[in-house]
Amino acid sequence: MSLNSYVVEAGFHEITLDLSTTNEFKLQSKRNEYSDVLVHLVGKGSANLEVTLEKDSKLNLFYLNTADEAHLNESYILNKDSRLDLAYGDFNDGTCDRNTDVYLVENGASVYLKSASLVKSERRLVYRFNHQAQYTYGDMQNFVVTLEKGKLSLYAIGKIEKNATNSETHQTTRVLNFNATERASVFPQLYIDNNEVKASHAESSGQVDPDQLYYLQSRGLSPEESVSLIVKGYLSSILENIKNDEIKERLMESIERKVDEVCSR
């Protein structure tokens, strides 16, 4: 097993992380620079991921997960006035177990997290924002589609410590089920140790509207194509933060290909 370590310059970077051969991954942004990083997760295994944002840096980090099986412990350190746009596209068939901690350690740090999960097997996701300094901001949006035999446990956690005056932490989770027997458990949690803050959480869960499916099929789409189209629209919101049109198009093609593959089985 090996360590992959990167200090990213400004601009776009593409990295493949093979969990079969790598169990440590480190990424560091440079001060006052803006970077876009796309990480492909492949293979099967466990890894510790550590990402550090230096002062005044901005990092747009997107994970495209098609690994056979992934067990991930992730730590993000955000220094003064840094901004992390973090997006997950979990479209793997196998197990995914992720524990994510974002530490907003200095004033003015902010994180915007968007996750999209297509759940066909067992998935346990923990997303935790730790506000440790003043004027920090966190916003978390999770979109989940559970398919046949999918089992989800998702923990959305916001923690504002005593010294983090004037900070905000917000979270929204939406789950779309395709079968009444599927199991999706969402646990929104807020731990607030300071009165001069803002915090909120919202969670919704439901099944596909049968009228919507009927409408699409009446226009000539098969049941599989109808489901696939709905899922694509639901999950594509994670691409909103990507400014580069070429990259966004490539990722949308990857999402569409994987959704078509899964929904046709």
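Let's start with strand 10, residues 110-119. Nine of its 10 residues are buried, so the strand is largely enclosed by the rest of the structure. Keep in mind that this is a predicted model.

What sits beside strand 10? On one hand, strand 8, residues 83-90. Strands 8 and 10 pair in the parallel sense, over eight bridges. Strand 12 runs parallel to strand 10, and 10 bridges join the two. Here Ser110 has Tyr137 of strand 12 as its bridge partner.

Leu113 is part of strand 10. Is Leu113 buried or exposed? Its relative accessible area is 1%, under the 20% cut-off, so Leu113 counts as buried. Which residues does Leu113 touch, once neighbours within four places in sequence are set aside? The list is Leu86, Tyr88, Tyr127, Phe129, Asp139, Met140, Gln141 and Asn142. Take Asp139 from that list. Leu113 and Asp139 are 26 residues apart in sequence, yet their C-alpha atoms are 6.2 Å apart in space.

Eight strands make an open sheet, and the order is 2-4-6-8-10-12-14-16. The pairing is parallel. At the edges are strand 2, residues 11-18, and strand 16, residues 198-207; each of these pairs on one side only. From one strand to the next, the twist averages 10°.

Step along from strand 8 to strand 6, residues 58-65. Strands 6 and 8 are parallel too, with eight bridges between them. Leu84 comes up again here: Leu59 stands opposite Leu84 in strand 8. So much for pairing.

What lies across the sheet strands?

Asp36 lies in strand 4, residues 34-42. Is Asp36 buried or exposed? Its relative accessibility is 17%, and the cut-off for buried is under 20%, so Asp36 counts as buried. What does the Asp36 side chain reach? It makes a polar contact with the side chain of Asn60, at 3.1 Å. Leaving out neighbours within four places in sequence, Asp36 is in contact with Gly11, Phe12, His13 and Asn60.

Let's zoom out. The protein has three helices and 16 strands. Its radius of gyration is 19 Å, close to the 18 Å that the globule rule gives for 265 residues, so the protein is as compact as a globular protein of that length. Along the principal axes, the C-alpha atoms fill a box of roughly 55 × 40 × 35 Å.

How much of the protein is buried? Of the 265 residues, 49% count as buried. As for contacts with a separation of 6 or more, 77% come from residues 24 or more positions apart. Last, the surface. The protein exposes about 12,000 Å², and carbon and sulfur atoms supply 43% of that area.

To wrap up, back to where we began: strand 10, with nine of its 10 residues buried, paired to strand 8 over eight bridges and to strand 12 by 10.

Note on methods
Residues numbered from 1 in each chain as written. Predicted model: local features only at pLDDT ≥ 70, side-chain atom pairs only at ≥ 80, totals over all residues. Heavy atoms only, no water. Buried < 20%, exposed > 50% of the residue type's maximum accessible area, 1.4 Å probe, protein only. Helix = DSSP H or I, 4+ residues; strand = E, 2+ residues; numbered from the N terminus. Pairing = 2+ DSSP bridges. Polar contact = N/O pair within 3.5 Å; in protein donor to acceptor, adjacent residues only side chain to side chain. Contact = heavy atoms within 4.5 Å. Axes fitted to C-alpha atoms, helices over the stretch in contact; angles between N-to-C directions. Rg over C-alpha atoms; globule rule 2.2 N^0.38 Å. Areas by Shrake-Rupley, 256 points an atom, 1.4 Å probe, with all protein chains shown as cover.
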